[in-house]
Every structure is written in structure tokens, then in C-alpha cells.
Amino acid sequence: MKTFFSILFLLTLRVSVFAQYSTDKFSVYYNVRHIPEFYVEPQDRTFGVYFNGPKQIKNAVDFKNLYNFYAPLGWRPDKGNPYMIINFEVDYLEIQKSYEVEDTVKRIFFPAMDYTIPIHITVETPQNKSEYTNALNAFILEKPTIYTYISEKGFRTIDDAHEFFVDNKDIIIEEEINKRIYDFYAETQKSINNDYVYYPKDENIHVWLLDNKKNEFYKDYKKSKENIKTIFHNLNATGGQEDVIKEIKPYIELIKEEINSLNEKEKKQRSAKINLLYGLSEIYYALEIFDVSEDYAKQVSSFDDSRGDKQMKAIENYKKELKKHHINSKHFEITF
């Protein structure tokens with residue numbers, strides 16, 4: 001029995017020793033500018049919106065409001081000779097059928113209709129042309145999506161519901177025309193932004209810290225984790241790098257101390273060390289200090305960890321994006 005407990009004690013001791021070198025991986029979020037697919041010279045960043053449709057559509061839609069509804073960030077309206085042409089082709093709203101929807105519990109009838117309204121939007125620049133359609137099949141424009149309208153107002157009888165629809169049909173149709181056109185236009189904006197706009201967006205990196213209670217660094221673990229997250233929140237699309245670099249230094253030093261405390265010849269400690277090195281590479285990557293990020297990535301690769309090579313590839317791509325768009329950083333003001 002004594003031997004049994006001795007073995008158990010040794011196993012427990014061994015596990016606790018190994019556990020000292022466990023690492024906690026956590027996400028750190030910060031803000032940058034999205035780098036679009038195409039580079040357009042600042043003086044050429046102008047757009048125009050053009051609208052074509054039958055009288056039914058033109059009477060329902062305030063064409064001028066399309067400029068106010070969406071202006072690509074950093075782009076100026078120019079109706080005369082724009083670099084980007086956004087063209088709308090919209091056909092009649094046609095009612096397929098009108099009917100009543102019954103709420104069997106409340107015994108209320110709601111006016112309803114199924115309808116089509118073919119919409120085709122073209123976004124064209126000297127570099128690219130994109131087309132968007134609400135057809136069920138992009139290659140068969142004669143088959144547009146069938147939409148359903150159901151009134152929010154209910155009636156006690158089918159006749160009352162039908163009468164309401166007949167009396168208000170023109171207003172309902174006008175509202176549905178606007179809804180569908182603007183909703184579909186909102187969908188195309190994602191693609192326009194992706195191709196041409198430097199909009200703010202969140203990115204994230206991963207950081208590792210030693211997190212076991214038996215480790216000498218544990219007293220700094222939780223506070224450091226939250227502080228690192230908070231500090232990176234100050235990194236935004238327009239700047240903040242200098243302050244973040246200054247504030248993050250003590251935590252970089254902490255991670256370096258953790259790395260230096262580890263013996264890479266021991267399997268668990270080796271794994272923890274690689275994680276910490278990779279975390280430092282990520283931190284410097286987010287700060288756009290690429291030479292230092294690359295140094296740590298190379299150290300990760302020296303342990304035959306593929307993350308190091310992936311990080312170096314990410315740095316290379318990052319630099320290419322900056323060069324292509326003639327910028328030094330993904331943090332900058334948008335000016336017209």
C-alpha cells in the first residue's frame with residue numbers, strides 16, 4: 001500500500017510539474033482599414049448612380065436619394081464623368097397573386113400578395129465590371145425571385161382584408177418597390193466595399209501566456225491577459241500605434257521572461273515556448289513591426305512548426321498590399 005501511494009505521489013508530482021508549462025491562447029481584437037481588391041488613384045475616386053425603369057418604378061423611387069443611401073467611403077459623387085458607374089435596371093413590379101393569410105388562433109385575416117420585380121445592378125470601372133441580379137438563376141433573367149408581402153394589419157373577415165388591399169394597392173406596391181430596390185442595393189454594397197473601399201474592420205491575433213497556478217508567472221497571468229486585450233482596443237483604423245507600442249512593452253517583456261524560463265529540451269516546455277514565440281510574432285505583426293515579427297516567425301519555423309512559415313507568408317502578403325495601394329500602414333485617415 002505504501003508503495004502504491006509513493007507511485008501515486010510521484011505521478012501527481014510529475015503531472016503538476018508538466019502542468020506548470022501549459023499556455024492559454026486568447027484572441028486579441030483591434031481595428032484596421034480593409035484593403036480593397038483594386039487600387040484607384042485618390043483623385044479618381046468618384047462615382048455616379050444611374051437609374052432606368054418604367055414609369056411605375058420611376059414614380060415610386062426617389063432617384064436622387066440613391067446617392068444619399070450609399071456613398072462609398074472616400075469616394076465623391078460625380079454625375080458627369082465618374083470613375084465608378086453604378087447603374088440600375090429595374091422592371092415592372094408584377095403581382096402574381098393576391099390572397100389572405102389566416103391566423104387560425106386569433107381568427108384574423110391579413111392581406112397578402114406574391115410578386116416579382118426584376119432588378120439588375122451593374123458596377124463598372126475601367127478595372128472591373130460586376131453585375132448583380134435578383135433572378136432565381138443569374139443566367140435566366142426572365143425568372144426573377146418571387147417575393148411575398150403580408151400586411152401587418154389584420155381584419156376579422158376575408159372581405160375586409162381584400163377590400164383593404166384593393167383600396168391601398170398603389171401605396172403597398174410603391175412601398176414594396178422601394179423596399180426591394182434598396183434592400184438589393186444594400187447587398188451589392190458589400191461587394192463594392194470589398195473591391196474599392198478602405199473601410200474600418202476588425203482583425204484579430206492570438207496571444208499565449210503561461211497560465212498554471214504553480215508557475216511563477218501566474219500572479220501576472222489574468223491581469224496581463226485582460227490588459228493586453230484592452231491595449232489593442234486602442235489600435236484603430238486611423239492610428240493609435242504609438243500608444244499601443246508604448247503600453248504593450250511591459251507585456252512583451254513578460255512573455256520574453258516566460259520564454260527564457262523554459263527548457264526546450266523538455267517536450268512540454270518546448271511546446272509552451274513555441275506558442276509564446278508565435279504569440280510574440282503575432283503581436284509584432286499586428287503592430288506592423290514586420291522585421292521583428294518575421295524574426296520570431298523564423299524561430300517558430302526552426303522548431304519545425306508550420307505556423308512560422310504561414311506567418312512569414314502573411315507578412316509578405318501584408319507588405320504587398322501596402323505597396324500596391326501606396327500606403328505605409330493599414331491605419332490612416334480617409335480624405336476626399
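Reply: The accessible surface of the protein chain comes to about 19100 Å². Carbon and sulfur atoms account for 49% of that. Keep in mind that this is a predicted model.

Me: Noted. How many positive and negative side chains are there?

Reply: The protein chain carries 46 positive and 53 negative ones. The centres of the two sets lie 8 Å apart.

Me: What about overall dimensions? What box do the C-alpha atoms fill?

Reply: Roughly 90 × 60 × 35 Å, taken along the principal axes. The radius of gyration of the protein chain is 30 Å. A compact globule of 336 residues would be near 20 Å.

Me: And what secondary structure is in there?

Reply: Nine helices and twelve strands.

Me: How much of the protein chain counts as buried?

Reply: 45% of the 336 residues.

Me: What share of the contacts join residues at least 24 apart in sequence?

Reply: 74%, among contacts between residues at least 6 apart in sequence.

Me: OK, cores. Which residues have the most contacts inside the largest nonpolar core?

Reply: Ile205, Ile228, Phe232, Ile248 and Ile283. That core has 47 residues. Strands E1 (23–33) and E12 (200–210) each give two or more residues to it. So do helices H5 (218–233), H6 (241–260), H7 (267–286), H8 (290–302) and H9 (306–324).

Me: Which element gives the most?

Reply: H7, with ten residues.

Me: Let's zoom in on Ile283. What does Ile283 touch?

Reply: Leaving out residues up to four places away in sequence, Ile283 touches Ile205, Val207, Phe232, Ile248, Ile252 and Ile255. There is also a second, separate core of 42 residues. Phe47, Phe51, Phe109 and Tyr115 are among its members.

Me: Switching to Met312. Where does Met312 lie?

Reply: In helix H9.

Me: Buried or exposed, and why does Met312 count that way?

Reply: Met312 counts as buried because its relative accessibility is 19%, and the cut-off for buried is under 20%.

Me: Close call. What does Met312 touch?

Reply: Glu294, Ala297, Lys298 and Ser301, not counting residues up to four places away in sequence. Take Ala297: Met312 and Ala297 are 15 residues apart in sequence. In space they are 6.4 Å apart, C-alpha to C-alpha.

Me: New topic, backbone angles. What is phi of Glu288?

Reply: Near 60°, a positive value in a residue other than glycine. Glu288 sits in the loop between H7 and H8. Glu288 is buried, with a relative accessible area of 12%.

Me: And what about phi of His326?

Reply: Near 55°, also positive in a residue other than glycine. His326 is in the segment after H9.

Me: Is His326 buried or exposed?

Reply: Exposed, because its relative accessible area is 58% and the cut-off for exposed is over 50%.

Me: Last one, Thr104. Where is the place of Thr104?

Reply: In the loop between strand E5 (94–103) and strand E6 (108–116). Thr104 counts as exposed, at 58% relative accessibility.

Me: How far apart are Thr104 and Tyr21?

Reply: 63 Å in space, C-alpha to C-alpha. In sequence, Thr104 and Tyr21 are 83 residues apart.

Conventions. Residues are numbered from 1 along each chain as its sequence is written. This is a predicted model: local features need pLDDT of at least 70, side-chain atom pairs count only at pLDDT 80 or more; totals for chains, interfaces and linings use all residues. Side-chain values use heavy atoms; hydrogens and water are left out. A nonpolar core is a set of buried Ala, Val, Leu, Ile, Met, Phe, Trp, Tyr and Cys residues joined through side-chain atoms within 4.5 Å. Buried means under 20% relative accessible area, exposed over 50%, partly exposed in between (1.4 Å probe, protein chains only). Helices (H or I, at least four residues) and strands (E, at least two) are DSSP runs, numbered from the N terminus. Contact means heavy atoms within 4.5 Å. The radius of gyration is taken over C-alpha atoms; the globule rule is 2.2 Å times the number of residues to the power 0.38. Accessible areas come from the Shrake-Rupley method with a 1.4 Å probe; for residues, only the protein chains shown count as cover. Lys and Arg count as positive and Asp and Glu as negative; His and the chain ends are not counted. The place of a charge is taken as NZ of Lys, CZ of Arg, CG of Asp or CD of Glu.
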